[in-house]
Amino acid sequence: MKKERAYSDKVHTWGSIWSITAIAVLFSVPLIFSLYYDAFPQLNVLWKALLSVIPIYWSTAVIEVITYTPMLGAGGTYLSFVTGNITNLKLPCALNAMDRAKVKATEEEGELISTIAIGASSITTTIVIAAGVLLFAPFLPKITAADSPIKPAFDYVIPALFGALGASYFSKYWRLSIFPIVAGVVVYCFAPSFAVGTLIFITIVVSIISALIMYKLKIVK
């Protein structure tokens, strides 16, 4: 218990340090440019612009933390939010790794597997992007051009990724997947402008409630 507690304390300590460091680095870039060129934005103009986006991003940020933490574990959550691209890459990698290892993010083993998977994903992504920029830069404009025969495939990369990942879970727990899928489709039909994080949060809440009800009714075990 003490060893598990010590690991958890270290995760939160270093996670907080790197999160604060990442925020400082992100803010330092526009600050350095402003200082170098002696060009600062007018505060009233900046505040008006921020008012239109702050409520959306802040609410999404809170929802994503609540949503992703139980799925990724503390270490995986810190690492994901520092490196980014959670929904498209980090979350599928972590879930797939934990599923293969047959562990959960709420367990110590699952915490470790999730963190390692996300770390490996971040390193791999960096290497692949660097190689892609260097090797494929001359060809990308032609491949992604509007008249390119390959162009439509790029629009279905993310749906294909999540479809393949979700299919394995839906086939194992098809009863539990009915209500979240229906809720997601209904919300998307009536509010297609909802952020992905908000939509995921809604489906997770519906999933938990419906699973609890079906468990009480002994529909699932």
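Is Asp 38 buried or exposed? At 64% relative accessibility, Asp 38 is exposed. The legends below describe close-up views of a predicted model.

Figure 1. The predicted model contains nine helices and zero strands. Read from the N terminus, the order of elements is α-α-α-α-α-α-α-α-α. The C-alpha trace spans about 65 × 55 × 40 Å along its principal axes. Of the 221 residues, 23% count as buried. The accessible surface of the chain is about 15,900 Å², and carbon and sulfur atoms account for 74% of that area. Among contacts between residues at least 6 apart in sequence, 59% join residues at least 24 apart.

**Figure 2. The loop between helix 1 and helix 2, with Asp 38.** Asp 38 sits in the loop between helix 1 and helix 2. Its phi is near 55°, a positive value in a residue other than glycine. With a relative accessibility of 64%, Asp 38 counts as exposed, because the cut-off for exposed residues is over 50%. Ser 34, by contrast, is buried, with a relative accessible area of 12%. Ser 34 belongs to helix 1, which covers residues 2-37. Leaving aside neighbours within four places in sequence, Ser 34 is in contact with Ala 39 and Phe 40.

**Figure 3. Aromatic rings of helix 1.** The whole structure holds three aromatic pairs. One of them joins Phe 33 and Tyr 37 in a stacked arrangement, with 6.3 Å centre to centre and 5° between the planes. Phe 33 and Tyr 37 are four residues apart in helix 1, so about one helical turn separates them. Tyr 37 is exposed, at 55% relative accessibility. Ring pairs link Phe 33, Tyr 36 and Tyr 37 into a cluster.

**Figure 4. The tilted pair of Tyr 68 and Phe 81.** Tyr 68 and Phe 81 form a tilted aromatic pair, at 6.4 Å centre to centre and with 55° between the planes. Tyr 68 is buried, with a relative accessible area of 1%. Phe 81 is partly exposed, with a relative accessible area of 33%. Tyr 68 is also one of the residues of the largest nonpolar core, the subject of the next view.

**Figure 5. The largest nonpolar core.** Eleven residues make up this core: Tyr 68, Leu 72, Ile 86, Leu 91, Ala 94, Leu 95, Met 98, Val 103, Ala 105, Ile 118 and Ile 200. Helix 2 (43-83) and helix 3 are the elements that give two or more residues to the core. Helix 3 gives the most, with five residues. Leu 91 touches Tyr 68, Met 71, Leu 72 and Ile 86, when residues up to four places away in sequence are not counted. In soluble globular proteins, nonpolar side chains tend to be buried together.

**Figure 6. Helix 3 and the residues at its two ends.** Helix 3 covers residues 86-101, and its buried residues are Ile 86, Thr 87, Lys 90, Leu 91, Pro 92, Ala 94, Leu 95 and Met 98. Asn 85 lies in the loop between helix 2 and helix 3. The phi of Asn 85 is positive, about 60°, although this residue is not a glycine. Asn 85 is partly exposed, at 42% relative accessibility. Just after helix 3, Lys 102 also takes a positive phi of about 60°.

Figure 7. Trp 174, Ile 178, Phe 179, Val 182, Val 186 and Phe 190 make a nonpolar surface patch of about 640 Å². Phe 179 lies in helix 8, which covers residues 174-190. At 45% relative accessibility, Phe 179 counts as partly exposed.

**Figure 8. Ile 158 in helix 7.** Ile 158 lies in helix 7, which covers residues 157-172. Ile 158 is partly exposed, with a relative accessible area of 35%. Ile 158 and Gly 76 are 82 residues apart in sequence, and their C-alpha atoms are 21 Å apart in space.

How values were computed. Residues numbered from 1 in each chain as written. Predicted model: local features only at pLDDT ≥ 70, side-chain atom pairs only at ≥ 80, totals over all residues. Heavy atoms only, no water. Buried < 20%, exposed > 50% of the residue type's maximum accessible area, 1.4 Å probe, protein only. Contact = heavy atoms within 4.5 Å. Phe/Tyr/Trp six-rings, centres within 6.5 Å; stacked < 30°, edge-to-face > 60°. Core = buried A, V, L, I, M, F, W, Y, C linked by side-chain atoms within 4.5 Å. Patch = residues over 30% accessible without salt bridge, like charges linked within 9 Å, V, L, I, M, F, W, Y side chains within 5 Å. Areas by Shrake-Rupley, 256 points an atom, 1.4 Å probe, with all protein chains shown as cover. Salt bridge = Lys/Arg side-chain N within 4 Å of Asp/Glu carboxyl O.
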